[in-house]
Amino acid sequence: MKIQKYDAVVVGSGPNGLAAAITLAQKNLSVLIVEAKATVGGGMRSAELTLPGFVHDICSAIHPLASGSPFFRTLPLDRFGLEFIEPPASLAHPFDDGTAVLLRRSIEETAAAFGSDKEIYRQIFAPLAENWTPLADDILAPLGIPQHPLLMARFGLKALQSARGFAERNFQESRAQAVFAGCAAHSMIPLENLSTAAFGLVLNTLAHSVGWNFPRGGTQKIADALADYFISIGGAIEVNHTVENIAELDFADVVLFDLTPQQILKIAGNRLSESFRRRLSRFQYGSGVFKMDFALNSPIPWRDAECSRAATVHLGGTMAEIASAERLNARGTTADNPFVLVAQTSLFDDSRAPAGQHTAWAYCHVPNDSPVDMSEIIENQIERFAPGFRDCILAKKTFSPRDLENYNANYIGGDINGGAAILSQIFTRPVAKIDPYALPAKGLYICSSSTPPGGGVHGMCGFHAAQSVLRNEKQFRGRI
Ligand SMILES: Cc1cc2nc3c(=O)[nH]c(=O)nc-3n(C[C@H](O)[C@H](O)[C@H](O)COP(=O)(O)OP(=O)(O)OC[C@H]3O[C@@H](n4cnc5c(N)ncnc54)[C@H](O)[C@@H]3O)c2cc1C
């Protein structure tokens, strides 16, 4: 590494590291990103994992949070090659009777599939979708005085409920309950837990307000656009450098970690008080994921062809089944019928695979660090709704929770959200503190998904961590 003085160093180049670095560089601070891997991106990388010509998203694939991010929306990323594709439907949720429900941009068209729940669905989601832009400022932010108190109060009353309770109280139709449960299961915790409704509400709302989009060419394009923009405003990036000890970074006034508590304790524990180390070490990681990538000789042969109108398909059947799988994970047992998330972006993006051929991305939730090989179980779930799927497979690659952690040190035990989204950690992570981003040591900050608002590719943890730096570091004030 060239030893040169920087105002700030960001350790890790995930969406939050890049967002933090960009926010500081926009204020004319000199900023260096140090990244362990050979390329930038964290959970936003794509590669030919199976066969030549098949581009797979290694981690994240579907990006309503990126396209709906209050911070990313302010950046000229289209000028740096980023183009989002919106499929005709955000989500398909197939059932055992061979039919499927689609979440479409139009609330009316979506609600029409929910029979007697049509009106209540409209009443819940129309106001949320109309107000997504102001709501996002408060939802994708640390706890504090909301900018839009009335909207937030209305959202909060629903969001704090358990997903299961919310669905049972509001929906009579099993299909509406199941679709909501699938969205809420992105929380990766039991759907009976308080505040899991928040995940269902946000993801359902994003389907109607923004669309569950994805970048042409692969998720790597988001990383590349962010990195190129960062460099264009004077930022510097150093790859292939794993930071092991905070002393390596003493040439910077401020260090922001796009890392989770366990790693920060190893790298900078000696700069933290014993009592804070104890608090940080109590941070809880969540369930892991088992992930598969497929190269296919044809599109997935869904029983209901409507499933091919969405880039995302939720496989789990009823709410009871999805809820049971998530409960089992929390108890340390894998499910035989897990909730499986499938992305089929190549249906709408011909740059992902050779002509006529396709890719598929799928994962299910498993207990943290589970050693169980879920590949057959995931394929069985896809076959259940798409008989003949196995005959389409040309090649495949699996990632166990341990493989994911080896790939990206932030995925502790395969936890892709930087920590469990349980009530005690969802708003106040990594510890309960007025400013969750400032570590109690001179010039040290945390900016990863282990801070509010948590997992996903939205960059808002990084943006808010950078605001904390700009508030706290007096030496920068005269210059910005
Ligand atoms: C299989 C999978 C599917 C997902 N699907 C989606 C999805 O569809 N949509 C969505 O929005 N989100 C999805 N996510 C979640 C999303 O990718 C993460 O929440 C997000 O990337 C977290 O961003 P981050 O910046 O906090 O950290 P990360 O993206 O994890 O970045 C951390 C970076 O730090 C680097 N690093 C780690 N240790 C060091 C060190 N010691 N020194 C230097 N560098 C270091 C890592 O190499 C990495 O590049 C998925 C994740 C996975 C794994």
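**A note on the ligand site and the salt bridges**

1. Let's start at the ligand: one of its oxygen atoms is 3.3 Å from a polar backbone atom of Gly42, a polar contact (a pair of N or O atoms within 3.5 Å; within protein, one must be able to donate a hydrogen and the other to accept it, and residues adjacent in sequence count only if both atoms are side-chain atoms). An oxygen atom of the ligand also lies 3.2 Å from a polar backbone atom of Ala61, and a ligand nitrogen is 3.1 Å from a polar backbone atom of Ala36. Of the 1000 Å² of accessible area that the ligand has on its own, the protein covers 95% (areas by the Shrake-Rupley method with a 1.4 Å probe; for residues, only the protein chains shown count as cover).

2. Before going on, please keep in mind that this is a predicted model: local features need pLDDT of at least 70, side-chain atom pairs count only at pLDDT 80 or more, and totals for chains, interfaces and linings use all residues. Residues are numbered from 1 along each chain as its sequence is written, and side-chain values use heavy atoms, with hydrogens and water left out.

3. Now look around the ligand. It is surrounded by 38 residues, the closest being Glu35, Gly43, Asn408, Gly456 and Val457 (near means that a heavy atom of the residue lies within 4 Å). Helix H1 (15–26) gives the most to this shell, with 3 residues; helices are DSSP runs of H or I with at least four residues, strands runs of E with at least two, numbered from the N terminus.

4. Next, the charged pairs. The whole structure holds 22 salt bridges (a side-chain nitrogen of Lys or Arg within 4 Å of a carboxyl oxygen of Asp or Glu). In one of them, Lys5 and Asp253 meet at 2.8 Å, N to O. Lys5 lies in the segment before strand S1 (6–11) and Asp253 in strand S10 (residues 252–257), so the pair ties together parts 248 residues apart in sequence.

5. How exposed is Lys5? At 52% relative accessibility, Lys5 counts as exposed, while Asp253, at 30%, is partly exposed (buried is under 20% relative accessible area, exposed over 50%, partly exposed in between; 1.4 Å probe, protein chains only).

6. Another salt bridge joins Arg402 and Asp369 (2.7 Å, N to O). Arg402 sits in helix H15 (residues 401–407) and Asp369 in the loop between S14 and helix H14 (375–385), 33 residues apart. Finally, salt bridges that share partners join Arg164, Glu168, Glu192 and Arg327 into one network.
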